[in-house]
Amino acid sequence: MVFKRNGFFTRDNSLWRSYKLFVQRAIVSNAAGRSKDVAFWQINLFKNVMIYSLPLSAIALVPSVVTLYNDGRVFLVCAAIFTLLSIGLVSLNKKINLGVKKAYVVVMLYVLAITLTATLGAFGIGCVYILALSVFIALLFPRNVAYASIVVNFLIYACFTAIIYFKLFNSPLISHYTMPYWVTYSLNFLFLDVAVIVQIRYLTNGLRGTIEKKAKLLKELRAEITEKIIRNDVLKESEQHYYMLFSLNPSPMWIYDAETLYFLQVNKAAIEHYGYTEDDFLNMTIKDIRPKSVLPDLLNTLQHNRTEKSWHMTTQHRDKYGNDFHVEVRCSTIPFKGREARLVIAQNITEQINHTQAIERQNTKLKEIAFIQSHLVRAPLARIIGLSAVIRQNLDEPVDQQILGFLDTSVNELDQIIRSVVNNSQEIFPEDSLTGQVNNKAGVETSDNDPLPQIQSA
């Protein structure tokens, strides 16, 4: 033999591993793939029993065979050898079902126990086999089979009792035991069988409950892990969407604490538009990006909307360089790292407001122009028309008609132009009434406070 430093025999160890692997494959090959429940545990127990009992039985068989042979009991020698060989051949046959293997082992051991008891007339060895079979059945078979073995043992003891009592055939039991002693021994062994089976079934049921509970917990754990993986995948996808919608949004966005008003997170657009770095923002509050003049409105708005889920407002912001600009702010309440926060989207509307103000200024100018045209320009025009009429009516001396014709023509042209301007102004501002307009043929109506100038004759 070759020794290793750790004390194991290399060759023997290799042979033993090969033997165990061979028996394991032969016994459980047709039961592979079972789940780890009580049935799986019973299969492994039967496998281990066969692994160790076959070589040990072979070793124990040698002195038994020698003793029985010297005692002239050749039948028992043949029965023992046949039992061991048949059990080994059936157990190691891969083509035979595992249930059939276990049943065959039980039947053969029962036959051997009955044979030894009836032939040798010794209660001990036969009942030891029967007791071992009770343990074997209680461990490896279902509950009904285990309890049925009690009935089988009772019937076996009853049959031996009948043999002794009625002397059915010439058995050594009749000479070795009296009826009271046999009944006493039988009842004690039967009680021991019942106690062993009941206790083993109790342990087996406890083991079954533990395994089932463990399997249930494992199933729940796997379901929880699967659900957690799904949630993590959804969370990762949500984070990607959040990154796209928040970080890469072209509009300035930030999240601030609803209680302290400090910035919690800002996007790139906010950094670009306001000029602050991310670290600057995280050390500031939302009051720091507003002119002092709008702070009261801000605090009032926050107080008014403290219970609202979302709101919007128009206000002014100030960047890092002191530039004020108009913004439209939309705010929503969100949870952020276990705290109540606000998500803000700010849209710079300075250009829109400036454009609106420019339009309003233009409108004001147009109104002023319309007023001037309808009131200031038409007043001297009215006087010119009136003068023309006076000239025609009151001149004693003849007036050059060509000059008067030119005067009339010019006055009419000027009147038509002013009418056109006034009409255009009315189209722009239909709601405004330009008072003082004249719709008669001359186009004007003189006021009492605007008398015609006195014309002296030459």
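How do the residues of the lining of the second largest cavity divide into nonpolar, polar and charged? The lining of this cavity has five nonpolar residues, three polar and no charged. In this division Ala, Val, Leu, Ile, Met, Phe, Trp, Tyr, Cys and Pro count as nonpolar, Asp, Glu, Lys and Arg as charged, and the others, Gly among them, as polar.

The structure is a predicted model, in which local features need pLDDT of at least 70 and side-chain atom pairs count only at pLDDT 80 or more, while totals for chains, interfaces and linings use all residues. Residues are numbered from 1 along each chain as its sequence is written, and side-chain values use heavy atoms, with hydrogens and water left out.

The protein has 13 helices and five strands; these are DSSP runs numbered from the N terminus, with helices (H or I) of at least four residues and strands (E) of at least two. Of its 458 residues, 31% are buried, where buried means under 20% relative accessible area, exposed over 50%, and partly exposed in between, for a 1.4 Å probe and protein chains only. The accessible surface comes to about 29,700 Å², and carbon and sulfur atoms hold 60% of this surface. Accessible areas come from the Shrake-Rupley method with a 1.4 Å probe, and for residues only the protein chains shown count as cover. Among contacts (heavy atoms within 4.5 Å) with a separation of 6 or more, 54% join residues 24 or more positions apart.

Rolling a probe the size of a water molecule over the atoms shows where empty space is left. On a 1 Å grid over the protein atoms alone, a cavity is a set of points where a 1.4 Å probe fits but cannot get out, whereas a pocket is an open set with protein on both sides within 12 Å along at least five of seven lines; lining residues have an atom within 4 Å of a point. Grid points are joined across faces, edges and corners, and a volume is the space filled by probe spheres set on the points.

The largest pocket has a volume of about 650 Å³. Its lining consists of 26 residues, and Ser57, Leu84, Leu109, Leu112 and Tyr129 lie nearest the centre. Two or more lining residues come from each of α2 (38-70), α3 (74-91), α4 and α5 (123-140). Helix α2 gives the most, with 12 residues. The lining divides into 21 nonpolar residues, five polar and no charged.

Helix α4 (residues 98-120) also holds threonine 115. This residue counts as buried because its relative accessibility is 19%. The side chain of threonine 115 reaches the backbone oxygen of valine 111 at 2.7 Å. Residues up to four places away in sequence aside, threonine 115 touches Phe75, Leu76 and Leu120.

The structure holds two cavities of 30 Å³ or more. The largest cavity contains about 70 Å³ of space, and its lining includes Trp254, Tyr256, Arg290, Trp311 and Cys331. The elements that give two or more residues to this lining are β1 (253-257), α11 (295-304), β3 (310-318) and β4 (324-336), and α11 gives the most, with three. The lining of the largest cavity divides into 10 nonpolar residues, one polar and one charged.

The second largest cavity holds about 40 Å³ of space. Pro252, His273, Tyr274, Phe325, Val327, Ala346, Gln347 and Asn348 line this cavity. Here α9 (268-274), β4 and β5 (339-348) each give two or more residues, and β5 gives the most, with three.

Strand β5 is also the place of arginine 342, which is buried, with a relative accessible area of 6%. Its C-alpha atom is separated by 6.5 Å from that of aspartate 257, 85 residues apart along the chain. Neighbours within four places in sequence aside, arginine 342 is in contact with residues including Trp254, Tyr256, Trp311 and Cys331. The side chain of arginine 342 also makes a polar contact with the side chain of glutamate 340 at 2.9 Å. A polar contact is a pair of N or O atoms within 3.5 Å; within protein, one must be able to donate a hydrogen and the other to accept it, and residues adjacent in sequence count only if both atoms are side-chain atoms.

Two loop residues complete the description. Leucine 261, in the loop between β1 and β2 (263-266), has a positive phi near 70° and is not a glycine. Lysine 337, in the loop between β4 and β5, likewise has a positive phi, of about 55°, although it is not a glycine. Leucine 261 is buried, with a relative accessible area of 12%, whereas lysine 337 is exposed, with 76%.
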